[in-house]
Amino acid sequence: MDLQKRGVLAGLLVLLLPLLLPGLFSLLSHASPSAFSEWNVQKPRHLSLVKSASQRETSQEKQSDLWVPLADQGWRPCFESTNAPSLPVKSEGYLQVFLDGGLNQQRMGICDAVAVAKILNATLVIPHFEVNPVWQDSSSFMDIFDVDHFIDVLKNDILIVKELPDEFSWSTREYYATAIRDTRIKMAPVHASANWYLDNVLPVLQSYGIAAISPFSHRLTFDNLPMDIQRLRCKVNFQALVFVPHIRALGDALVSRLRYPSKGAEVLSTDYLRETTDVIDENRARKFVVIHLRFDKDMAAHSACDFGGGKAEKLALAKYRQVIWQGRVLNSQFTDEELRSQGRCPLTPEEIGLLLAALGFDNSTRLYLASHKVYGGKARISTLRKLFPLMEDKKSLASSEERTQIKGKASLLAAVDYYVGLHSDIFISASPGNMHNALVGHRTYKNMKTIRPNMALLGQLFLNKSISWPDFQQAVLEGHENRQGEIRLRKPKKSIYTYPAPDCMCQA
């Protein structure tokens, strides 16, 4: 009888648990297999290399060489027009653009929008940012960028308004979402020419006084444009677009704490930033590397590569691809080995750590981790942290009060990372992408050291499970001799924002 009672009680408990702990069961019902694959403790995939890297020794001379700034390469910024800036005598109408993507894709879209407004003699309305389907961030242009500075820097180049006048107040995102509208330009081709805009958008402006282009990302060519237009794009990117004051203030605080880690933070000021009252000794400033660890779930799924999580992880990422991109991003037809040999897989935290170790950075190197959310969590970055224990990020350097204004906002978090990355001694990205491209271009413009991983070489090296540490290190060093910030001239079809020379830089 007692046994029967215990059985009944156990059965009732099973039935009642979902009611008593609904959050847990809801999580589990949606987690399999994706959540479990992220929670698994990740063992090093390159254990032999990790062991050797952990025991590495780097000479003081080699360490000093790593931090030497780039020598003068004989190039200077030259964003000013060859002709005196001039506003149109009469505006052809208002130009609206709707920008999707993340922060850096939107940044490039803003630069293109200014250029198109110049081509059309139009008045630019401050661009509208779409809500990113992955990060669900509704931050606007004015939440991220200093709009008054933006307008002031470009005041002699184009007309800009923050909002449409009342007579055009009907021209909203919602208006264009409900029906086909004559004032919406929906079919702008990728990398369209200046003539395309003159033939297809200018007539709309002249007929209605307004034209709205959506989508607009990557909708202006990089080639066959007047030099004045090219330099205007760079003027926007490198001069007009600065972050709002609270992002710059937080970024400055993080940079200061990376350079002077022993400086205490005594009090919270009224604008939420901790103040350091000690006098800074420039001679004792530390150097630091910023790693853009592009290894979120979005990137892992998009790449279709194998990251060691087994069958469950593969199924979870395939399901994620379908849910997020609804068939637009397909499962790869290539094997993981083929993808890695082609350099098409993002470096894992473990692999970026091995790259840095092979380049000569020792465990006293200060790292700043620029990343929104690492796929696999703390377990995934544990090997990187063991190799470089002095690794920091926004959470470790700033209090929750200091992060109040950026919490949960992917674009603002990325803006802080961009700012710190721009002010670091060395920047390196685990995979090409919009953040990588934007910072490579910006740091090239400022002649700053930036390591560009040789993805194809590294993919092949990591596929070789029997490679020794000396052979791995030698191959890494040889493969990155000319990938540390040297000027690379832009080739046809390549982005002016990644390769600002020769369009926006002049030889001294």
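**Disulfides and a cavity**

Cys234 has a relative accessibility of 0% and therefore counts as buried, a word used here for residues under 20% relative accessible area, with exposed meaning over 50% and partly exposed in between (1.4 Å probe, protein chains only). The model is a predicted one, in which local features need pLDDT of at least 70 and side-chain atom pairs count only at pLDDT 80 or more, while totals for chains, interfaces and linings use all residues. Residues are numbered from 1 along each chain as its sequence is written, and side-chain values use heavy atoms, with hydrogens and water left out.

Cys234 forms a disulfide with Cys504, the two sulfur atoms being 1.8 Å apart, where a disulfide is taken as a pair of cysteine sulfur atoms within 2.5 Å. Because Cys234 lies in helix α12 (residues 227-240) and Cys504 in the loop between α23 (469-479) and β15, the pair ties together parts that are 270 residues apart in sequence; helices (H or I, at least four residues) and strands (E, at least two) are DSSP runs, numbered from the N terminus. The link is right-handed, with 75° about the S-S bond, and Cys504, at 0% relative accessibility, is buried.

Cys78 is buried at 13% relative accessibility, whereas Cys506 is partly exposed, at 26%.

Cys305 is joined to Cys345 (S to S 2.1 Å), and the torsion about their S-S bond is about -95°, so this disulfide is left-handed. When the bonded cysteines are numbered in sequence order, the pairing reads 1-6, 2-5, 3-4. Cys111 is in no disulfide, the nearest cysteine sulfur, that of Cys234, being 8.0 Å away.

Cys345 also belongs to the lining of the second largest cavity, together with residues including Arg340, Met455 and Phe462. A cavity is a set of points, on a 1 Å grid over the protein atoms alone, where a 1.4 Å probe fits but cannot get out, and lining residues have an atom within 4 Å of a point. This cavity has a volume of about 50 Å³, a volume being the space filled by probe spheres set on the points, which are joined across faces, edges and corners. The largest share of its lining, four residues, comes from helix α22 (residues 455-463).

Terms used
On a 1 Å grid over the protein atoms alone, a cavity is a set of points where a 1.4 Å probe fits but cannot get out, and a pocket is an open set with protein on both sides within 12 Å along at least five of seven lines; lining residues have an atom within 4 Å of a point.
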